[in-house]
Amino acid sequence: MRKPNRRAALLAGVLLATSALTGIPPSTALAAAEPDPDAVAVTVNVRAGLATVSDTALGVNHAIWDQNLGTAGTSDLLRDAGVQMMRYPGGSYADIYHWKDHTAPGGYVAPNTDFDTFMAAVKRVGAQPMIIANYGTSTPAEAADWVRYANVTKGYGARYWTIGNENYGNGLYGSAWEADDHPDKSASQYARLVVEYADAMKAVDPSIKVGAVVTMPGNWPDGITAGGDPGPWNQTVLSLAGPKIDFVDVHWYPGGTAAESLTRTNQLPDATYLLRQQLTRYAGPDADRIGISFTELNVDVGRTTQPGALFLADAYSGLLENGVFTAQWWNVHNGIGTVSEVAGQTDYNDFGLLSSGTCTADGSVCEPPLNTPFAPYHALTMMKLFARTGDQFVRAGSDEPLVTAHAVRRANGEVAVLLLNKDPDNAHPVTIDYAGFTPSAAAPTVHTLTNGATGVATDQSGSATSRTLPPYSLTTLVLQPAGATPGRPSAPGQPTASDVTDRTATITWPAATAGASPIAKYEVYRQNGAVSEQLGETAGTSFTVGNLTPGSRYTVNVLARDTAGRVSWASPPLTFATGSPTTSACTVRFSTANDWGNGYIGGVEITNNGTRPISGWTLTWTWPTGWQQVSSGWSATWEQVGTAVRVTPTNDNRQIAVGATVSAGFVGAYSGPNVLPTAFRLNGTVCASG
């Protein structure tokens, strides 16, 4: 498929950003580039910093019904794959499990899966534990005793403890799969008891971190209010328990076909953004201290084959670059399901990373021998090779939806690029452009996982700027810099935003540390896709950005430049959103009600604040995502093209007198995180928000 026009336009923007960041004249950069017009354009912008990889990033689940939980063979495989965090005692079993006598009434507990065996496995792997305290059928006292045994009696130093598992599945919203013996099954009761659990557990060991269960924004039952709760699950839990918790725990199974699940990873930036908005709004003061963990991930199709591998690498990368401190696969061993063929490979429909060696009920099909790695295991190994503790994710993008790119920069100057070809049938040549980084002319180290492969292949070949990606493949390039830059300043600290209006924001940051030369100035850049757009520069540590667009989200980095021209690495990212003006000739109040999990009743009220009546009007806004829409409407004519919504009056409400208000309603629908619009224009004028 030829894309010369789109490719050329993207390349020009990338090269302009590259020249601005490196000092190369645009004409020189353009003359040096000879792209293949048929190739996918990949951009890696090392100056557009994202989150830093934590020491708990790569995680898995271990279940007490898995008789191989603590074996040396299993533990050594997890260690070899780079596992850094292990969750116990396993999903919904956590809400029936009693650690003292190692029982789970109503469930099966395999021999040699007790807590001490699990901790021995954690030590052998070199990981950290995440432990789920039983909320459904236990008490805060039993959880506190577990903390005492783990950290006082045994000295395990177990830091991360979650209160329950998927507790919104206790029947509150209709579906009931999670054990819950409490007569009151409301979100309010869960939150109140989270406070009791946290108080009891931290009285034993104040250093532990306690997490509460929330739901993935845009996934059931997000948005639904039940019973006497003051709002949906997340709002209720955060409002009541926010000051007592240290992190929130989320699960995500995107569902759908292989192609659909691989597409839905593009929802992760909006999901984490919306979750942080909920934390800020509901969790009380200092909510930015609350971390986010995604402790169950898997797909519906291709669980043991390449779709599962591609999803794992893409989802883990997407979560980690957005600041999630751990992403965890469900799970290590699970057992055979309905067998099928996916992309030419036998798929055993097993949630596990490793084979359980089990057979179908009729014995007609058996899995490979016990502990044979499935494709997602190899993808986890690829993540170990790609994103290491302390690496900083940086912006990477592609102009082909079937090719996804992620990248990290390392403290030693290396850059690693992960390229995913989600096309099951076709290879894709790619050309890679770099901003803020000049790769060495030496052949990069290349790690490749192809469809049906029994492991990651490694060699040193090709160039840093072009590659052909096999169908359904994962490829990591590890690149050396063309030359070291000794004496550069350190990166500035975490920026913050204040005095954010509809068109301005003040950005402030901790100063960088000078290297070989004094710091001359700081440069503020906006991440515009994978291209950096400079917003301004200053000699100080604060800068007010102007000319912003109302109702828009901005992610910015700050870089330090010294008197010799050396440029630091990027600061951590800052994301903020502009709103609407405080005063305007019009006010729009946007409302939602009766949310049912993928839709709601919406409304707009338009008030004329001007000095003259309005005769005829057009209201417009843009949805923040591509999966939101107006399904139908009333009291107006509703139109949507792409993400743009246009509302025009009926004969009954085309006139708006001075000080008067007209209203119209619609049915809204969403199939991902429902990030609501915050800027509305009436006849082209940006309105205030009601």
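**Close-up views of a predicted model**

**Figure 1. Helix H9 and the elements that surround its buried side.** The buried residues of helix H9 pack against helix H7 (233-241), strand S7 (247-252), strand S8 (291-297), helix H10 (306-321), strand S25 (553-562) and strand S26 (574-577); contact means heavy atoms within 4.5 Å, and buried means under 20% relative accessible area, with exposed over 50% and partly exposed in between (1.4 Å probe, protein chains only). This is a predicted model, in which local features need pLDDT of at least 70 and side-chain atom pairs count only at pLDDT 80 or more, while totals for chains, interfaces and linings use all residues. Residues are numbered from 1 along each chain as its sequence is written, and side-chain values use heavy atoms, with hydrogens and water left out. Helices (H or I, at least four residues) and strands (E, at least two) are DSSP runs, numbered from the N terminus. H9 covers residues 268-282, and its 15 residues reach 21 Å from the first C-alpha to the last, close to the 21 Å expected at 1.5 Å a residue, where the expected span is 1.5 Å times one less than the number of residues. The residues of H9 that are buried are Leu268, Asp270, Ala271, Thr272, Tyr273, Leu274, Leu275, Gln278 and Leu279. After H9 comes Gly284, which has a positive phi, near 90°.

**Figure 2. The closed barrel of eight strands.** With parallel pairing, the strands run S2-S3-S4-S5-S6-S7-S8-S9 in a closed barrel; two strands pair if DSSP finds at least two bridges between them. From one strand to the next, the twist averages 25°, and axes are lines fitted to C-alpha atoms, for helices over the stretch in contact, with angles running from 0 to 180 degrees between N-to-C directions. Helix H4 (residues 115-125) packs on the sheet, where it touches strand S3 (85-88) and strand S4 (128-133), and the direction of H4 makes about 170° with that of S3. Strand S2 (residues 58-61) and strand S9 (residues 326-329) run parallel and are joined by three bridges, and Val60 has Trp329 as its bridge partner in S9.

**Figure 3. Asn421 and its polar contacts.** Asn421 lies in strand S14 (residues 415-421) and counts as buried because its relative accessibility is 0%. A polar atom of the Asn421 side chain lies 3.0 Å from the backbone oxygen of Asn426, and the side chain of Asn421 also reaches the backbone oxygen of Leu469, at 3.2 Å. A polar contact is a pair of N or O atoms within 3.5 Å; within protein, one must be able to donate a hydrogen and the other to accept it, and residues adjacent in sequence count only if both atoms are side-chain atoms. Not counting residues up to four places away in sequence, the residues that Asn421 touches include Leu310, Leu402, His428 and Tyr472.

**Figure 4. The two disulfides.** A search of the whole structure finds two disulfides, a disulfide being a pair of cysteine sulfur atoms within 2.5 Å. Cys359 is joined to Cys366, with an S to S distance of 1.9 Å, and this disulfide is right-handed because the torsion about the S-S bond is about 100°. Cys359 is partly exposed, at a relative accessible area of 36%, and Cys366 is partly exposed, at 36%. Cys586 is joined to Cys687 (S to S 2.0 Å), and with -95° about the S-S bond this link is left-handed. Cys586 lies in strand S27 (residues 586-593) and Cys687 in the loop between strand S37 (685-686) and strand S38 (688-689), so the pair ties together parts that are 101 residues apart in sequence. Cys586 counts as buried at 2% relative accessibility, and Cys687 is buried with a relative accessible area of 1%.

**Figure 5. Strand S30 and its two antiparallel partners.** S30 runs antiparallel to strand S33 (residues 644-648), to which four bridges join it, and Thr622 stands opposite Ala644 in S33. Two bridges join S30 to strand S36 (residues 681-682), again antiparallel, and Arg681 in S36 is the bridge partner of Thr620.
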